[in-house]
Amino acid sequence: MSVVIAKQLVKTYVSGDIRVEAIRGVDFSIEPSSFVSFIGPSGSGKTTLLNMIGCLDPPTSGYLQVAGQEITGLNREDAARFRGEYIGFIFQDFNLIPVLTVFENVEYPLQMVQEWPKQQRKKRVMELLDAVGMADQGSKYPSQISGGQKQRVAIARALVTNAQLVLADEPTANLDRETAGRIINLMKQMRDEFNTTFIFSTHDQRIVDSVEITFTLEDGILHRQETMLEGMAGGDDV
Amino acid sequence: MSNIFKLATRNLFRYKRRTLLTSMLITLGVVAVLLFISISGSFKALMVGQITDSMLGHIQIHKKGYLASIDSLPLNRNLSGKQLDKIIQVLSGEDGVEAYSMRIRLGAMFSNFTETTNIRLNAVTPTDEIKTAPLLTDRLLEGNKEGLIKQGEILIPELLAKGMKVKVGDAIVLVANNKDGSVNGQTFVVRGILEGISGPGGRDGVIHIDDAKSLLRIGTAEVSEVAIRLNDIDQLPTVFASLQKKLGSMKNKQGMPVFELHTWEKISPFFNIAKMIDLMTFFIKIMLVAIVLVSIMNVMVMAVYERINEIGTISAIGTLPNKILALFIVEGLLMGILGTTIGTVISLVSIAAMNVTQIRFDFGRQTGLLLSPTIGVADVVLVVAMVIAIAVIASLQPAWKASRMDPITALKHV
């Protein structure tokens with residue numbers, strides 16, 4: 001069963017007399033454990049689409065199902081609960097909480113969102129920190145680690161709740177080439193290890209080269225779906 | 001909840017200087033209020049104590065209409081024997097009454113054999129008067145304090161003693177009119193000089209009640225007023241209400257009230273000063289509220305503004321709006337608790353230090369009054385609770401704003 005199903009999805013922003021149609025009736029579906037990217041020029045609607053999948057922004061119309069649940073009509077609280085339960089986020093600027101240590105940042109969703117017991121929390125956080133190669137940095141604060149390390153912590157935080165879906169908006173934009181490559185590999189490795197679906201909004205060709213499915217968006221319309229199989233590129237019009 | 005407290009504490013210490021400055025402001029406000037309450041309360045208690053314990057008592061009972069014409073000390077408005085029996089019966093059954101004293105108040109001519117002047121006198125039964133006004137003997141500047149007064153003796157106010165050049169042991173003559181208008185005179189020996197104090201009766205002389213009866217040729221049980229001392233001044237409203245119900249409601253044959261009852265507050269002008277002190281305390285508390293409200297709100301508004309992106313992040317990863325609300329409220333609460341705790345400690349240490357150093361002050365003609373500031377647990381609890389509550393209220397608006405923030409807008413904020 002698809003982890004994301006979108007049918008005739010529309011997002012329109014209205015500001016006074018101005019109407020902006022950010023997403024104009026797109027249809028797509030994403031299978032579990034896939035590595036997917038949305039690409040397109042600035043203003044094409046990538047981030048808007050990611051925000052809708054992430055339950056941060058409700059669609060204007062259409063049908064959107066994520067992790068087996070229709071999310072179009074969720075209120076503010078239910079949307080927050082849904083995000084905490086099923087979705088992990090990775091941000092361009094890492095967005096770690098500066099007053100918490102690396103360990104505490106990863107622990108945050110378990111403690112403040114899912115309210116796990118302390119012992120289980122500790123075990124799970126250490127498991128994730130170990131998986132992203134940050135087990136020995138747990139007591140450091142975000143200001144004491146590098147950009148690449150911050151993004152590793154952010155990946156651990158996104159995966160710690162056993163999220164079915166990780167949404168990553170330009171996750172490599174603030175990293176140097178070498179670090180970005182390592183982070184992409186890490187995410188792929190995490191996908192393989194935890195069977196989590198990764199969906200990217202990106203301009204980074206290295207991510208595009210590494211994903212299995214690429215959706216191209218232009219002016220809010222989904223133009224192409226490319227499927228990369230073992231380094232071979234194929235394409236279908238959507 | 002402990003997670004929220006941990007995170008809130010970390011956030012407060014993120015901006016150490018700002019947190020410290022705001023807490024110091026709250027501390028200063030708390031210190032100012034607690035010290036003002038303790039010092040003004042001490043002054044008020046001292047003055048009220050002096051007035052009630054050395055002169056007025058806590059409650060006075062007169063015949064209806066006496067107080068309106070008290071300037072002329074009318075003898076024809078004295079309480080009769082039958083009325084006194086009723087008063088004694090009621091007072092004996094009243095638990096809050098510690099003691100009472102029956103007094104005849106009169107005006108007389110005072111002569112030292114070379115000069116003559118007017119004097120207002122309180123005629124008392126010494127044993128009852130000592131119980132009702134225990135500090136009266138403390139006002140004796142000269143003379144024997146033991147037993148207050150005997151028949152044939154007089155205590156005279158210090159101003160009169162100075163003006164008439166009369167000393168302890170001197171003989172003087174009192175001449176007074178009785179209620180029928182006939183004049184009588186009697187010789188007295190000056191037993192002591194009384195310190196004058198502010199308020200009604202504060203510059204009256206004192207004689208034995210039997211001397212007053214003989215001077216005024218009163219053959220029956222008859223007094224001008226009954227002064228009452230309570231076990232605890234805090235019981236004043238309760239006991240007064242009870243006495244008012246039992247005595248104030250009594251009517252004569254014409255259907256008019258027989259007695260009038262007054263608390264010391266209605267009789268002494270110092271009550272207005274006491275009310276003024278209470279009013280000032282109230283306004284100082286208002287200022288404290290304003291200080292706490294403005295400073296905490298300012299800090300919390302800044303805290304929310306500076307952390308918009310962070311609010312977006314925690315909201316995106318699933319933190320419920322009520323937890324975000326709680327997080328910011330707890331920050332305000334902790335800042336309030338920090339400032340209040342330090343302020344309370346400084347205040348209590350300062351009060352203790354003032355008591356150790358024994359600060360004295362002058363009030364009117366009274367000099368060297370000892371300032372003994374004290375503060376009740378209830379006052380401390382009230383101020384602490386008020387500051388903490390205001391800190392929470394001040395955090396509400398910024399916290400609400402943070403909790404209602406749209407995560408997408410917040411995440412875009414740089």
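**Close-up views of chains A and B**

**View 1. The contact between chain A and chain B.** In this predicted model, the contact takes 18 residues from chain A and 17 from chain B, where two residues are in contact if their C-beta atoms, placed from the backbone, lie within 7 Å. On the side of chain A that touches chain B, α2 (76–86) and α3 (102–113) of chain A are the elements that give two or more residues, and the largest share, 6 residues, comes from α2(A). Helices are DSSP runs of H or I with at least four residues, and strands are runs of E with at least two, numbered from the N terminus.

**View 2. Two helices of chain B.** Helix α2 (residues 16–56) of chain B and helix α12 (residues 377–403) of chain B have axes that come within 11 Å and cross at roughly 155°, the axes being lines fitted to C-alpha atoms over the stretch in contact, with angles from 0 to 180 degrees between N-to-C directions. That makes α2(B) roughly antiparallel to α12(B), a term for angles over 145 degrees. The contact is made by Ile26(B), Val30(B), Val33(B), Leu34(B) and Ile37(B) of α2(B), together with Asp379(B), Val380(B), Val383(B) and Val387(B) of α12(B).

**View 3. The extent of chain A.** Chain A holds 7 helices and 11 strands, and its C-alpha trace spans about 50 × 40 × 35 Å along its principal axes.

**Notes.** Residues are numbered from 1 along each chain as its sequence is written, while chains are lettered from A and ligands numbered from 1 in the order in which they are written. Because the model is predicted, local features need pLDDT of at least 70 and side-chain atom pairs count only at pLDDT 80 or more, whereas totals for chains, interfaces and linings use all residues.

Key. Angles under 35 degrees count as roughly parallel, over 145 as roughly antiparallel, 65 to 115 as roughly perpendicular and the rest as oblique.
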